[in-house]
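Please find below a colleague's note on the structure shown here.

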Amino acid sequence: MPPVARPEEHVLSNDISETTRAFGLPNDPQAILSGHIGRLIRLAFRQFEIAVLKHLRDLGFEDLRLTHVQMLPYIPVSGIRTSEIAAAANMTKQAVGQLANEMENAGYIRRTSDPSDGRAKLVTFTDKGLTLSATYPIMLARSEADLLKGLSLEEFHTFRKVIARMANVDLSE
């Protein structure tokens, strides 16, 4: 078994040094850990979620949490099975079930037997949920604007295009 290097003996490999130099990034391991793009995207996303939640609460949806907000985009007005929400949102069925319980208790959704398979449950919006669903795109736009304050219109469009490309999302639709 090869000896384990102590942290102070560990240096960046040539591959990492070449990559950081090519992109004009610091060659310091701590700077890479604190400023890597994954962390920055996650931090920006967290700020976006907080802005969405603030705007929703400003409109009277005070009983929602960030976890509920994460599930909303996957519920079409026509309804969907909880297992399909789980697959689309990359969440466990148990987590979606718990969130569905909470949203049902808060009066946003109802679960009924799926007409095509009585064993499955179909999640649909209540009137309160439909109001939320209609409001949600507006809140997303406001939250996006909050997050991107201080950017020029050109920077905003460039940022959006770059993030979409990174996520393999086609914005031309």
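**Note on the predicted model**

1. Apart from its neighbours within four places in sequence, T135 is in contact with L59 and F61, where contact means heavy atoms within 4.5 Å. T135 lies in helix α7. T135 counts as buried because its relative accessibility is 14%; buried means under 20% relative accessible area, exposed over 50%, and partly exposed in between, with a 1.4 Å probe and protein chains only.

2. On the basis of the description: this is a predicted model, in which local features need pLDDT of at least 70, side-chain atom pairs count only at pLDDT 80 or more, and totals for chains, interfaces and linings use all residues. Residues are numbered from 1 along each chain as its sequence is written, and side-chain values use heavy atoms, with hydrogens and water left out.

3. The chain contains eight helices and three strands. Helices (H or I, at least four residues) and strands (E, at least two) are DSSP runs, numbered from the N terminus. Their pattern along the sequence is α-α-α-α-β-α-α-β-β-α-α. Of the 173 residues of the chain, 26% count as buried. Among contacts in the chain with a separation of 6 or more, 48% come from residues 24 or more positions apart. The accessible surface of the chain is about 11900 Å², and carbon and sulfur atoms hold 57% of that surface; the areas come from the Shrake-Rupley method with a 1.4 Å probe, and for residues only the protein chains shown count as cover.

4. Helix α3 (residues 37-58) has 22 residues and should span 32 Å at 1.5 Å a residue, which agrees with the 31 Å between its end C-alpha atoms. The expected span is 1.5 Å times one less than the number of residues. Buried residues in α3 are F48, E49, A51, V52, L53, H55 and L56. Their cover includes α4 (66-71) and α7 (127-147). After α3 comes G60, with a positive phi near 100°.

5. How much space lies in the largest pocket? The volume is about 1300 Å³. Of the 29 lining residues, F45, F48, E144, L147 and I163 are the closest to the pocket's centre. Two or more lining residues come from each of α3, α4, α7 and α8 (153-166). On a 1 Å grid over the protein atoms alone, a pocket is an open set of points where a 1.4 Å probe fits, with protein on both sides within 12 Å along at least five of seven lines; lining residues have an atom within 4 Å of a point. Grid points are joined across faces, edges and corners, and the volume is the space filled by probe spheres set on the points.

6. The three strands form an open sheet in the order β1-β3-β2, with antiparallel pairing. Strands β1 (80-81) and β2 are the edge strands, each pairing on one side only. Two strands pair if DSSP finds at least two bridges between them. Between β2 (residues 109-114) and β3 (residues 117-125) there are six bridges. A hairpin of two residues joins β2 to β3, and D114 stands opposite D117 in β3.

7. T124 belongs to strand β3 and counts as buried because its relative accessibility is 16%. Neighbours within four places in sequence aside, T124 is in contact with S78, G79, Y108, I109 and R110.
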